[in-house]
Amino acid sequence: MSSEPEVSWEIARSKPASFYSTYERKDELQHATHYCPGCGHGIIHKMLAQAIDDLGIQDRTVLISPVGCSVFAYYYFDVGNVQAAHGRAPAVATAVKRSRPGSVVIAYQGDGDLSAIGSAEILHAANRGEALTVIFVNNAIYSMTGGQMAPTTLMGQTSTTSPQGRGAHEGYPLHVSELLATLEAPVYIERVGLGDNKQIAQAARAVRRALDNQVRGLGFSLVEILSPCPTIWKMTPVEAQHWVRDVMEGTFPLGVLRDRTQSAQSDAVPAPPPLLSAVPRILGIAKTGLPAEPSAVGAAPDLNLQVRMAGFGGQGVLLIGEVLAEAGLDAGLEVSWLPSYGPEMRSGTSNCHVRLARELIDSPLVAHPDVLVAMNEPSVRKFCAMVRAGGWILYNGETLPEDCDWKDVHVLARPFTRIAKDLGDARAANMVMLGALLEIAGNLPRTSIESALGRLVRNPRWLALDEAALASGRKLMREACAEANHAS
Amino acid sequence: MPKQLMKGNEAIVKSAILAGCRGFYGYPITPASEITEAAAAWMPQVGGVFLQAESEVAAINMLYGAASAGVRCMTASSGPGISLMQEGISYMAGAELPCVIADITRGGPGLGNIASEQSDYHQVVKGGGHGNYRTLVLAPHSVQEMADLTALSFELADRYRNPVVLLADGFIGQMMEPVEFPQSATEPCLPRWAVAGTAESRGNAITSMHLDTDKLESHVRQLEAKYFIAEQREVRAEDWHTEGAEIVLVGYGIVARILKGVAAEARAAGLPVGVLRPITLYPFPALHFQRLAPRARVFLVVEMSNGQMLEDVRLALNGARPVEFLNRMGGNAPTHHEVLEAVRELARRHLPALPAEEEWIVHV
């Protein structure tokens, strides 16, 4: 025997560095993957890992594993790994990417995951143009759960849940990539296959491109990969590969569906966040920005007032409640303001509960008001019986409706809307009524009211009108009291 | 001390930002929308992320992503939206991810209405999602507590690596009261387990999956151990004039405010009435109840639900004392008057040594 010739060889492609050398997160057989012979995931994993290596982004990469056979992607990829709920990978990926813009985030999803349960999440992530890379592995069936029908199952294809073959009643194969390609935002969408070596080479280029787009900050990229599943399809690996090329491709044609890679702009670098010390000021809660002391001099006034204000939505009952509460706070009192309104944006009824007191307020709900401000008839009917004996009803009308139960209660019924109209704008009726109320709450300092009004009414024209309306309301109340005293 | 008049819903967002929250992912729903709107206004100004999700399902999964990346994050919703989030809450508890969820409750079941109810107690406190997990639940009863308990929620979420729910009714969310905030903001450090897209965090993996039965069991036992520590350390409740109380009123949220008003009036009339207000609904303040049981003659639980917390009160007392129940539903709050009437009735039945009723009414 002659001596064997000396052979020199080198490994053209070793295992990508982005794979773990042994799969320690796996319980058994840590040198091999859990994928079946002939499964497309192994090929796709390798092209993805190779692209990560080539682009030098292993440290920055975060891989989102879905539910499905690739749920264990984190066994294999030596990158940051997040396992997500069924179909939700695009939502999870969205927030990882937005939280860490420097990361490279890959959502790796199967067809059941992406096109059925996760159809909303992928649609909206694509529509927002999230700067993600989505690897969409389409094998036309639910494999991990044992071969049920997917939205991508071909017409006539049998599955455990379409045993007679998929018919029109089960819907038609969903072309997700084509659907997503109708959106404005996506940068790159391509469908590739693993049907033969030529297709595989193209698939590897597409995966790399989709990743490179993200590295360049270009936006949403998705690669759909038609992938064999010999076990569930009940074929040999070779038959399965041919089926991808000869059958699947007929329903899902390969090709580029969207390519804006040339024209897309890379994302602007986000501005640095403000200094932590500036945050209270930005939020408007820095004490230096608040009125330092109550504008009223001395101790809080002796006032314990419970008010109910009600009217149509748009009449401004919530606003006058707020002015009253703000004024009370300014005067050093404890206050509460609680609104109650229907779902209508306009014309519904609305009312609020306002309390001012020197003591801590227990319940902000006002069951028995000292004063009811009723800006319309339904409100006075609804609330008049609640007013405590000796209290006041201020009503926007000439007289109270006859059937109102208002025993032992003072009443000021005036056409406040008309009075406000005479002052310049019917919409100031609420302020005229507030003026009348403030005359009852006489020891609430005027400075506090002015200061509250100034904070809440920013338009100078309205402020002037509202001040006039308040004065008019006060005067009405004083006159009414004088008349009552005179009469008695 | 200068305070600001503010809605509870707005106070949540400002407090969250001060506590280092830099991610808000939400979907609009009445009566929680002001929280989402305030987050939209403020979060970008402090360099945080605000994103309106396509659904509550997506929103909670976005929290899953943001929390995985090591960012303090929150969402806000109400009953129907919280129902949709339960899947994600289970995943977050399983993967031990911190987040804060504000549930500003409304009326149910189904679409119900937009008025305040407390009928989310079961789905929030008992964990509406699948699997062996708990959420920590805090129940504010004032705008100041909306701020304070939000900050605490973020601390607890990080401490226990678990979702924390701030459970408030629509009243507390919508009402305005004076509030003051801490004058400094926190910047939490990046958790060592986070997946942040960096060399240091490359080996980290977030998952809720444990295929091996023994491993999953051991994982769940670890969660249980964590919850046990929370039960020892994080219980909070307010005892409001409960010393010597023979009638103990029990309620949380807006109901507790009503109860304080009633108890104040009853006490002024010489009745030994106090209020026990659970602040943490999980862990439930069972010991507080047991402490009061020897002296108390009866507990009255008041809820805006069909008696959901009532079950926990009965478990805590374990038959030691009678537990009565008064409730309103559909968006109605129990009135001062009806609770007071119930207290009077309980006094008649359980406090035989009371002065003659006529005398008492004169006092009122």
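Start by selecting chain A and colouring by burial: 49% of its 488 residues are buried, where buried means 20 or more other C-beta atoms within 10 Å of a residue's own, with C-beta atoms placed from the backbone. This is a predicted model, in which local features need pLDDT of at least 70, side-chain atom pairs count only at pLDDT 80 or more, and totals for chains, interfaces and linings use all residues. Residues are numbered from 1 along each chain as its sequence is written, while chains are lettered from A and ligands numbered from 1 in the order in which they are written.

Now show the C-alpha trace of chain A, which spans about 135 × 55 × 45 Å along its principal axes. Its radius of gyration is 36 Å, whereas a compact globule of 488 residues would have one near 23 Å (taken over C-alpha atoms; the globule rule is 2.2 Å times the number of residues to the power 0.38).

Switch to cartoon: chain A has 16 helices and 13 strands (DSSP runs numbered from the N terminus, helices being H or I with at least four residues and strands E with at least two).

Next, bring in chain B. Here 66 residues of chain B are in contact with 57 residues of chain A, contact meaning C-beta atoms, placed from the backbone, within 7 Å.

Finally, select residues 80-83 of chain A and 205-206 of chain B. Strands β2 of chain A and β9 of chain B pair there in the parallel sense over 2 bridges (pairing requires at least two DSSP bridges). Zoom in on Asn81(A), whose bridge partner in β9(B) is Ala205(B).

Notes
Contact = placed C-beta atoms within 7 Å. Buried ≥ 20, exposed ≤ 12 C-beta atoms within 10 Å, placed from the backbone.
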